[in-house]
Amino acid sequence: MFDLFLFTILPGAVLLGSAAYTLVVTYRLQDWRPVLFVGVLVLMTIHQGHEMLVFAEHGAERALSAGGEYPETTANLLAGAATVLLLRFVTRERALAEQLRDLTGTLEERVQARTAELESFAYSVSHDLRTPLRAIDGYTELLHKNHASRLNDEGRRLLRVVRENTGTLEALIDDLLTLSRLGRCDLDKRPLDMNGLVRGAYDDLCRTQAHASNVTLDLHPLPRAVGDPSMIRQVVTQLLSNAVKFTRTEDTPHVEVYGTEEDGHAVIAVRDNGVGFDMDYADKLFGVFERLHNPADVEGTGVGLAIVDRIVRRHDGRAWAESVEQEGTTVYVSLPYPTTANDEHDCPSYC
Amino acid sequence: MTSTTVPRTVDLLLVEDQASDAELALRALRTLDLDERTHRVDDGAEALDFLFGRGAYADRSPADAPGLVLLDLKLPKLSGHEVLRTLKADDRTAHIPVVVLSSSDEQSDVTRCYALGANSYVVKPVDFDTFTETVQRIGTYWLQTNERVGQCPP
């Protein structure tokens, strides 16, 4: 019995490293008198936390296997029964805990699989939507070209509305595809020359959007960042294009791009003096299909900032905005700052 | 099968299951007088029957190769990828230029088609004018500018 005690107390003490728990073991195995046994049960109940249960299991196994050596007393039978009960309880608990661990382990994997499934669904739906859309666009255009003379003004107006909406739907599908693709493609992270990216994106905008060249761009030296060049270029283009779009009605449209370094992240800010938005709706800004302006005033699909948000989050950064109506908006994105020697080393000469 | 009568000389085989896309493409080709020499099939299996002279096209021979196959990817029965693979794996048909005309701008589709031997990959524009212009440009280049492999003497 003493051997058994030693044998049991050691793993118990090692397991928990606690004198209180060791005492429980001592009582449990050394003395089966009802009072002490009740004391053990009380202690077990008090300590019925996760660790205690694991421990009790060890004690129980040992006690059960040595059961034949106990005097056949009622208390011992009760102790045995209680032990079996505890053992069952613990076994179930342990099984559940293992299951939980397994599930937690595979959770990320399963979430990724489901996300990929959803994205591939979005992708295939978007593609399939293009075919009927091409038909609507094509046939209305043919109607317009070949039969417009037989329509009155109202008829021609209706036709124009159909065609305009076809264009909107096409833009929506394109944006949805971009969004679904962002979740699937791999990131090619490199040190970035942020000033070069902003300058390049602005020059491109000037070529594609007439209003862009009216905007004064004030580009400050930006902190270096790490990211996928084509994706971050998309972010920068989107932010500048928004700034251009929302300053269209200003007499002196002005966009300022500046940056700071905060907590290992490079924060890039794009500030405009445009129409701004009501901060009450700021939480909607980065949602898909969320628009804070009337489409009649400002065109757009409501996907642009959702794309920005998704790209930035994939880079372990975040995007947020501040605005005052009729004064302007500042959109911020944070990106990882190059920290390792490797990041520094790979940095191209121009940054 | 969409057209029951096969034109005497087929310059262009249009493999397209969507009637509207096919009609718009044929309209675009009409400007180049190519519509009369175009044959349209609406699934992948029929495309192979046509090219290999099998089934409903038993009177044709692989030697009567069209100057161009305009191939959609999403097709009933056999997909465009499968048509492309079979076509390019057979010596009798490997020389026929295949231009993939698909709604998909997915890189995996583009890469796969080139790996299977596609001669060109064009994304179908949604906008009608761009679509027309694109189809015409394909027709002009592959059927009027590009030199095709001469037919074997009898």
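First, a term for the opening stop: a pocket here is an open set of grid points with protein on both sides within 12 Å along at least five of seven lines. Keep in mind too that this is a predicted model.

**Stop 1: the largest pocket, chain A**

The largest pocket has a volume of about 710 Å³. Select Gln238(A), Asn242(A), Lys245(A), Phe246(A) and Gly304(A): of the 36 lining residues, these are the closest to the pocket's centre. Now colour α6 (153-184), α8 (229-246), β5 (265-272), α9 (304-314) and β7 (328-336) of chain A, the elements that give two or more residues to this lining. Which element gives the most to the lining of the largest pocket? That is α8(A), with nine residues.

Next, colour chain A by domain, using 1-185 for domain 1 and 190-346 for domain 2. Each of them contributes at least three residues to the pocket lining. If you switch to colouring by residue class, the lining shows 14 nonpolar, 15 polar and seven charged residues.

**Stop 2**

To display its lining, select Met194(A), Val198(A), Ile232(A), Val235(A), Val236(A), Leu239(A), Val257(A), Ile268(A), Val270(A) and Val333(A). How does this lining divide by class? The second largest cavity has ten nonpolar lining residues, no polar ones and no charged ones.

Helix α8(A) turns up again, supplying four residues, the largest share of this cavity's lining. At least two residues each come from α7 (194-208), α8 and β5 of chain A.

**Stop 3: the sheet, chain B**

Five strands make an open, parallel sheet, ordered β2-β1-β3-β4-β5 (chain B). At the edges are β2 (38-41) and β5 (120-123) of chain B; each has a single partner strand, so one side of each is left without a neighbour in the sheet. Look along the sheet for the twist, which averages 20 degrees from one strand to the next.

Zoom in on β1 (residues 12-15) of chain B, which pairs with β2(B) in the parallel sense over four bridges. Pick Leu13(B), and you'll find its bridge partner in β2(B) is His39(B).

Definitions and conventions: Residues are numbered from 1 along each chain as its sequence is written. Chains are lettered from A and ligands numbered from 1 in the order in which they are written. This is a predicted model: local features need pLDDT of at least 70, side-chain atom pairs count only at pLDDT 80 or more; totals for chains, interfaces and linings use all residues. Side-chain values use heavy atoms; hydrogens and water are left out. On a 1 Å grid over the protein atoms alone, a cavity is a set of points where a 1.4 Å probe fits but cannot get out, and a pocket is an open set with protein on both sides within 12 Å along at least five of seven lines; lining residues have an atom within 4 Å of a point. Grid points are joined across faces, edges and corners, and a volume is the space filled by probe spheres set on the points. Ala, Val, Leu, Ile, Met, Phe, Trp, Tyr, Cys and Pro count as nonpolar, Asp, Glu, Lys and Arg as charged, and the others, Gly among them, as polar. Domain bounds come from an automatic or database domain assignment. Two strands pair if DSSP finds at least two bridges between them. Axes are lines fitted to C-alpha atoms, for helices over the stretch in contact, and angles run from 0 to 180 degrees between N-to-C directions.
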